[in-house]
Amino acid sequence: MPSKKRKYNARFPAGRIKKIMRIDDEIGKVALPVPVMISRALELFVSSLLVKAGDVTMQKSARTLTLAHLKQCIYSDSRLDFLKELVKSTPDNSEECNDIVDPPVTQNNQVSNNDSDDETTSKTIEWYLLNGCACQLSADEYRWLVAFPGEVSASPSDMISHLSAMRLLLSTRRRRRQQQPVADSNCCPTVERACSATLSSTTWFDQLLAVLASEDDHVRYVAACVITEAVLSCADDDGDSPAHLIDKVLLTITTATGRSPAAAINVLTRVLDAKCDSRRISTVRTCCRHGGEEVSCITPVANDLDAKVLLMDRLNDQWSDVVNTVVCENGTTVAADRDNYDLAEIVRLWTAVFRSFRSTSSAYRNRDQFFSELSSLEWLLYRTDTESLVWLNTVRLFGASLQMSTSRTTNDWWTARSVALAECVLTGFTRRRLLYFMGKIASGFGPNNGRMKVLLQETVLLAMRSLRAFVASNSRMLGSEDNRDAAVTKMIRNVVDCLDSYVKASMLYATEVEFCRWSVRLMSDRDDATIECLTCALDVADAVPDAQPLLDPFAGFAELLECVSYEPDVLLDYLISDESDFLPYALRVLKAACRDALRFFYSFGTGLDDAMGLLIRLRLKMLRLYENRVFPYNVMPIAKLLQRCDELYSEIVS
């Protein structure tokens, strides 16, 4: 028990943990509770690891826990993969390190005779769930599982134990339905019955939402995870359960006080960011052997994508209330207040919304409400008391909205909104306000911190997305054609000069390095950001020919080839991977190169021979893979463009 004379009684010294943390140069100031929380987390992790290793020891009927038991425990749980390197050299004992077998009967008897021990009950339920069937649970264990933790004990440890068991129950069912979405998938009816008994209970879910106001961070975190799994995996006959749960979470955001709104917003962010199987399944056949007989039934299955679509519809209806509840309460307060997490969470949720639009854009009907409320967060970019991560996430939010808006340029309303937002952001650049506050925010991370590069990356990416949205507008929004071209060219020049002068003044790159080249070097550790930045430059240069000397897409492509050290395998990986849109970008660049070969070859300078050798080898590798039928798509269009560039190069050289 913790001592009453001290605030905490950590088994792992908090002072030593703080010293270890300060060894990392990227870590700035450390608040007093942080080492204590890490100490408690270490204690819980070691306790859990030892309990699992003890179970392995008991299954082997051994009396001494050895390194072999610990190694088998680590290799049997995918969540402990990060420890495999530490025990890889530990030899396996032939008597103790065989595959885990069924638990002996004595273990079940011990559990049955000690059902009042919550920890033992939790471990037994966890073991059954991980091994595929919960039908062997006793009546007392089943009642313990479906009862709300507050009905049993108000102790944080007991509540965490109950919530963790429910989280495992829901996540196991959802994961197995994704892995086996066929009519004869093998599911446990006891698991289905337990999920229905809890999620269909209004009282149970209301009590679960009330736990989000807990002062214990661990309890609040586990409760948020349980609610997330409930929203993603709940399903009943009439289909009202997901809508009911989502409405309850939204009501918590708009009406509750304290830490509940931030935790509820975090739940919605987790739902949108959760990976799901896009296949739609109406029912599955659940079956399990119980008492020597096979029990089966047909159960409706809710798809994760359906839950996300429903959530987006509910958010669209209540988005103004959600934003006003958070922003209006915080608009006049200090954003760096560490007791107020609402702003940080609403920014993360907003960004997750725009990410969802890009990943499954056809599934969502209405997006206008999310875009129209963005102006309410602009003040976060121009306040020195804005917390550093909140500022960075706000920049990412504006960038994500501009990235998503480019696909809706045919809609006048969306075009007007995207142009207005882009003009607002670009004005912040031309007046040097955005870069000024970026420097202020960077100083909050401490000296010699790697976050400065991340801040600059996101800021440059925001500028490029804003320029693309700005030039993509139609002529009637920017006046006559002559005035439009002059205004756009002036805006592009001002933004590029502003970014270039700031970077050169910071001595991050040499003065002779052009913007189109150092921007590629800046993004070189992020493939998706590099390709998007180059694509934005290509879009702007195509729309405004006068801006080509400023952005020079050919020079950017030449810098990309130099950054990959002229290795064809890297570009081949770009073409195969779906993490970036390199294929459409490469097709556009090569088509432009065929139209203006002299300027294309001139951009490479002394590296022209290496670049052309790279493109020739890339074409041969692509054709070889395509002939062997291992390339994921038809490579002939890009192969013909590469061949045409080779022919033009041969003509110029000869």
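Guide: Met612 sits in helix H30, residues 608-627; helices (H or I, at least four residues) and strands (E, at least two) are DSSP runs numbered from the N terminus. The model is predicted, so local features need pLDDT of at least 70 and side-chain atom pairs count only at pLDDT 80 or more, while totals for chains, interfaces and linings use all residues. Residues are numbered from 1 along each chain as its sequence is written, and side-chain values use heavy atoms, with hydrogens and water left out.

Met612 counts as buried because its relative accessibility is 1%; buried means under 20% relative accessible area, exposed over 50%, and partly exposed in between, with a 1.4 Å probe and protein chains only. Leaving aside residues up to four places away in sequence, Met612 touches Phe601, Cys645, Asp646 and Tyr649, where contact means heavy atoms within 4.5 Å. Phe601 is eleven residues from Met612 along the chain, and their C-alpha atoms are 9.2 Å apart.

In the protein chain as a whole, buried residues are 49% of the 654 residues. The chain has 31 helices and two strands. Of its contacts between residues at least 6 apart in sequence, 70% join residues at least 24 apart.

Another helix, H13 (residues 241-255), has 15 residues and spans 21 Å from first C-alpha to last, close to the 21 Å expected at 1.5 Å a residue; the expected span is 1.5 Å times one less than the number of residues. Among the buried residues of H13 are Leu245, Ile246, Val249 and Leu250.
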